[in-house]
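Reader: I am new to reading structures. Can you take me through this one and say what each term rests on?

Author: Gladly. Ask about each label as we meet it.

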Amino acid sequence: MKVAVLRFPGTNCEFDTQYAFEKLGHTTELVWHEKEMLPEDIDLVVVPGGFSYGDYLRSGSIARFSPVMKAVTTYANDGGKVLGICNGFQILTEAGLLPGALKRNNDLHFISKHQNLCVINNDNAFLNKCGKGEVLNIPIAHADGNYYIDESGFKKLEKNKQILLRYSDKNGDPVVVNGSVTSIAGVCNEEKNVFGLMPHPERALEALLGSEDGIRMLKGFEA
Amino acid sequence: MTKAVVNVFLKEGVLDPQGKAAHHALDSLGFDQVDDVRIGKQIIIKLDTDDRAAAEAEVTEMCETLLANTVIEDYTIEID
């Protein structure tokens, strides 16, 4: 598999993301935000975490207008798979590729810790290697991770099985972490080819460092 | 030259965590008449035109495109 990893001014998870996919045996290529085209023959685009454009105005709001995001939008509209992690999730919602928006955490803190997540739906390319109801331990690190969507949007998400992950306890019961609507940690689009989550699977690759549950997530993209 | 003042706030019904924190702080300082606090941002734009209607149309487009995220935010525009 060939993975394109985007890089904006202020991105800081691009190398961890490359490391993760290369550890799984894939090739990766960094793509600078000024590029108007994505590399050929890619199987996945990852919009990694960080603080693109210093989070000015709103997290992700400026990065979404980068030349490369036009190419990503075309790629996604043609059915290509796109994964947004943390700031990448914020960029994809700002770009309208994912529904909803990410607000400041309810307690205003930057939250950085390991967090249990419950797999809500696994009939998608991202989580098909995980069981429904399975609990995964993946780190989170964000200030603006408070997912918001209005009621009609939420009903649509539920009906189409677009809610992928919720913050949970070790038994899989939802817990309030940052104020997200029904503790949502990750969603996908209606067509199920664009995925966004606040937690960092690329930081959960080694049991020695706390968890290797990220591997199972990222393996979902292997055909 | 026309000056536009844009105010962006979270929509009614969308919890404003910063407003809430400031409200708590005001309460604990003894300002006990405070009913609600909302925190937004103000963006001041100077436009190179004297056509107020055109300026307002242009700034509205700026708000819809970039300055506000209409999923969670409302905005107002005042043309000076």
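Reader: What makes a group of residues the largest nonpolar core, and which members touch the most others?

Author: A nonpolar core is a set of buried Ala, Val, Leu, Ile, Met, Phe, Trp, Tyr and Cys residues joined through C-beta atoms within 7 Å. Buried means that 20 or more other C-beta atoms lie within 10 Å of a residue's own; exposed means 12 or fewer, partly exposed lies in between, and C-beta atoms are placed from the backbone. The largest such core has 67 residues. A:Leu6, A:Val45, A:Val46, A:Val82, A:Leu92 and A:Leu164 touch the most other members. Helix H2 (residues 67-77) of chain A gives the most to this core, five residues. A helix here is a DSSP run of H or I with at least four residues, a strand is a run of E with at least two, and both are numbered from the N terminus.

Reader: How do the numbers and letters work, and where does the model come from?

Author: Residues count from 1 along each chain as its sequence is written, while chains are lettered from A and ligands numbered from 1 in the order in which they are written. This is a predicted model, in which local features need pLDDT of at least 70, side-chain atom pairs count only at pLDDT 80 or more, and totals for chains, interfaces and linings use all residues.

Reader: What does A:Val82 touch?

Author: Contact means that two C-beta atoms, placed from the backbone, lie within 7 Å. Leaving out residues up to four places away in sequence, the contacts of A:Val82 include A:Val45, A:Val72, A:Leu92 and A:Val194. A second, separate core has eight residues, among them B:Val6, B:Ala55, B:Val59 and B:Leu67.

Reader: Why is A:Tyr147 called buried?

Author: A:Tyr147 has 28 other C-beta atoms within 10 Å, so the label buried applies. A:Tyr147 sits in strand E8 (residues 146-148) of chain A. A:Val181 is 34 residues away along the chain, yet the two C-alpha atoms are separated by 5.9 Å. Beyond its neighbours within four places in sequence, A:Tyr147 is in contact with A:Gly100, A:Leu102, A:Ser180, A:Val181 and A:Ile184.

Reader: What makes A:Leu108 and A:Ser183 stand out?

Author: Most residues other than glycine have a negative phi. A:Leu108 is not a glycine, but its phi is positive, about 70°. A:Ser183 is not a glycine either, and its phi is about 60°. A:Leu108 lies in the loop between strand E5 (101-103) and E6 of chain A. A:Ser183 lies in the loop between E9 and E10 of chain A.

Reader: Which of these is buried and which exposed?

Author: A:Leu108 has 11 other C-beta atoms within 10 Å, so A:Leu108 is exposed. A:Ser183 has 21, so A:Ser183 is buried.

Reader: Why do E2 and E7 of chain A count as edges?

Author: Strands pair if DSSP finds at least two bridges between them. The open sheet of chain A has nine strands in the order E2-E1-E3-E4-E11-E10-E9-E6-E7, with mixed pairing. Strand E2 (27-32) and strand E7 (135-142) each have a single partner strand, so one side of each is left without a neighbour in the sheet.

Reader: How do you know that E1 and E3 of chain A pair?

Author: Three bridges join strand E1 (residues 2-7) to strand E3 (residues 44-47), and the two run parallel. A:Val3 has A:Leu44 as its bridge partner in E3(A).

Reader: What makes E9(A) a covered strand?

Author: Five of the five residues of strand E9 (residues 163-167) are buried. Strand E6 (residues 111-119) of chain A pairs with E9(A) in the antiparallel sense over three bridges. Strand E10 (residues 184-188) of chain A and E9(A) are antiparallel too, over three bridges.

Reader: What is the sheet of chain B like?

Author: Three strands form an open sheet in the order E2-E1-E3, with antiparallel pairing. Strand E1 (residues 2-10) and E2(B) pair over seven bridges. B:Val8 stands opposite B:Lys41 in E2(B).

Reader: How many residues of each chain are in contact with the other chain?

Author: Nine residues of chain B are in contact with 12 residues of chain A. Helix H1 (residues 17-28) of chain B gives the most to the chain B side, three residues.
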